[in-house]
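Today I am looking up pockets, cavities and helix packing.

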Amino acid sequence: METRSITLPACAAVLLAGIGCTLLAAFQPQLLVLWIGLFVAAALVTFFLVRRGLRAQALGVARYVTELSALPVKAPIADSAFGPVLNAAAQNNREVQGRQNILQESRHQLETLLEGMQDAVLGVDAAGRVQWSNGPMRRLMNRDTAGGSVRHGHALVHTFRDPALLAAVQTTLDQHTPCECRSEYVLPGRIFQVNASPLPGGGAVVVLHDRTEAEEMERTQRDFVANVSHELRTPLTSIVGYVETVIDHETLSGPAREFLDTVLKNASRMHRLTEDLLLLARVEQAENPLDLQPVEAETLLRDALRTVSGSSYAETARFEIAGTTTRNVLADENAIMQVLGNLLENAVKYSSGRPDPPHVVVGVTEHASTGMVEFRVQDFGPGIPSEHLPRIFERFYRVEKARSRATGGTGLGLSIARHLVEQHGGRIWVESSLGEGSTFLFTLPVTD
Amino acid sequence: MRKRFHQSLDELKEKLLVMAGFAEQAIQRSIEAYRTRDAELVELVRRSEPAINRLEREIDSTALDLLAMEQPMAVDLRFILSVIRINADLERVGDLAVNIAIRAGETNALPPVDLPVDIPRLGTLAAAMIRKSLEAFIDGDAILAESVLTLDDEVDKLNRAAFHSLSAVIREQPHATTQALNAMLISRNLERVGDHATNIAEDVIFWVNGRDVRHTMSAA
């Protein structure tokens, strides 16, 4: 209404102005400039009025739409036959919206978690194509670090070419099982622990954990221990040698002999410690490659028993063989004798007194399904508390510090045993019950 | 039909990259075997050669099949021709790695001698050239490929310097002749690795730009 009331007078004004100007131009050609001026003024007035009118019209439409949308929806619908259906649909819509919000929230949390991780993470689909990666992965793989780049949407080999890493991820994709490997060829000079885990809908997550600094530190520590042990060995040999000579001297007084006995005892202990440290360093650095030969499992066991039986600490011990096999294992005889020697010595020393004399049961069993032979050394001592079991193969880890030192242990025997067994491709572990004793078990691969 | 053809080209590229991974690993292991005097690494490099040779045959066969059956043109034709040439270069890199590992093994069996040559540095440079040329191949990046060509000059210079200094060792310390000769051969082999990286980079430029830059850019 308002628009029409503005538009009509405007059009009339333009029309009149046009007629007036035409007449003036017809009768007075010299007033042509005035004619043009009047016409332009009329046009401007018309434009202004029409624009104002249209704006008012648009505002009116907008107001009308707003009023319509503000109407309560339920009122007319509730009365109609479709009311329940539409209400259910609206309810469903609200639920879907709610779930979407939750999903978005958890996705956001997951993204934040991935970005905040120190490890580099990357996801591949079932076809092995890179789908996503986190910030550390993108920073790791860039051309400034000579690492190329993460190429999303392409096969993993476009990003990593290390054969070990590619094989691990492929195994995970094919068998849907987690797989891990050590990778030295992802970036020059860097070492990574790679873990590939299957995703429920196919595909895999690949995590790269940088081990370079940790391995460098471990290597430095090993070198340090090896060097120090080596340097300590020569003076200790002198001390032990001279003390032994002096002790044998007949004119020595009682207290002096007692003191020298203490010196000898501790010097001998230090000597054993340095020998064990050197052996451990050699084993850890794999300096002496194993001389693997087929050897009968039972022979290994009997030889070890023969050696240990002759030792002073096992004079009273009772050894029992429970179960043997004549199958050959692939082993370095000297290394396995060292392992069995350590286990038997521990079994005797830690069970002395309960029962008296110490009773040790040993045996070997073949496991055809795994292709391994299992060796076991069982004692009936006090047993090991369960909280110590996971750490018992660590260097210098002792369950009872005082008792261990009293028995002359260096705290390195089990660590050496673990390294030697693992170098053979076997596994070593312990089963123990408090008050009932402990059983140390290790496996070696069977051979023909 | 064309979609399947391009899928085949992608698969060919992926297979070549798998082979490249083996060749890169072999060259890095051989350098490490010399540096750490590790006999196990020498053996690992020797054992990797059959896998590289098998992949070379597979890639050649696939590439020739595509040429015969699809009769590609322009950029696709250049891509397949480049793959065939890069394939041969990578196989040679694998052979050179074995040569280096054998020489390293011989040296490790002898008493250690201080030699005036930085083999690990030369090896790192040669391995970096291979890596860079492969990155250029993956992305079809001719500019990155051109940067590889300039690196070859440095490798050549280091090899020449090694030759002169090791010749002096042989003259002045006859007891170290075997070790010096082995180091000289390792240096020469690494220089050849650099040459193969240059070839790969030139093939990438040919594929992307259709320009044959062989025997032109490195002389500049």
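I began with the largest pocket, which holds about 2200 Å³ of space. On a 1 Å grid over the protein atoms alone, a pocket is an open set of points with protein on both sides within 12 Å along at least five of seven lines, and lining residues have an atom within 4 Å of a point. Its volume is the space filled by probe spheres set on points joined across faces, edges and corners.

I noted that the model is predicted: local features need pLDDT of at least 70, side-chain atom pairs count only at pLDDT 80 or more, and totals for chains, interfaces and linings use all residues. Residues are numbered from 1 along each chain as its sequence is written, chains are lettered from A and ligands numbered from 1 in the order in which they are written, and side-chain values use heavy atoms, leaving out hydrogens and water.

Helices (H or I, at least four residues) and strands (E, at least two) are DSSP runs, numbered from the N terminus.

Next, the cavities, where a 1.4 Å probe fits but cannot get out. I found two of 30 Å³ or more. The largest has about 50 Å³ of space, and A:Thr159, A:Phe160, A:Arg161, A:Val186 and B:Arg131 are the closest to its centre among its 11 lining residues. The lining divides into four nonpolar, two polar and five charged residues.

The second largest cavity has about 40 Å³. B:Arg131 is in its lining too, as are A:Arg161 and A:Tyr185. H1(B) supplies the largest share, four residues.

Then I turned to helix packing in chain B. How do H1(B) and H4(B) cross? Their axes come within 10 Å and cross at roughly 170 degrees. Axes are lines fitted to C-alpha atoms, for helices over the stretch in contact, and angles run from 0 to 180 degrees between N-to-C directions. H1(B) and H4(B) are therefore roughly antiparallel (the word covers angles over 145 degrees). Contact means heavy atoms within 4.5 Å; B:Leu16, B:Ile27 and B:Tyr34 of H1(B) are among those that meet H4(B) residues including B:Ala127, B:Arg131 and B:Phe137.

Last entry: H2(B) and H3(B) (residues 74-108) have axes that come within 9 Å and cross at roughly 165 degrees. I logged a left-handed crossing here as well. Their contact has 18 nonpolar, four polar and six charged residues.

Methods:
A crossing is left-handed if the near helix is turned anticlockwise from the far one by less than a right angle, and right-handed if clockwise. Ala, Val, Leu, Ile, Met, Phe, Trp, Tyr, Cys and Pro count as nonpolar, Asp, Glu, Lys and Arg as charged, and the others, Gly among them, as polar. Angles under 35 degrees count as roughly parallel, over 145 as roughly antiparallel, 65 to 115 as roughly perpendicular and the rest as oblique.
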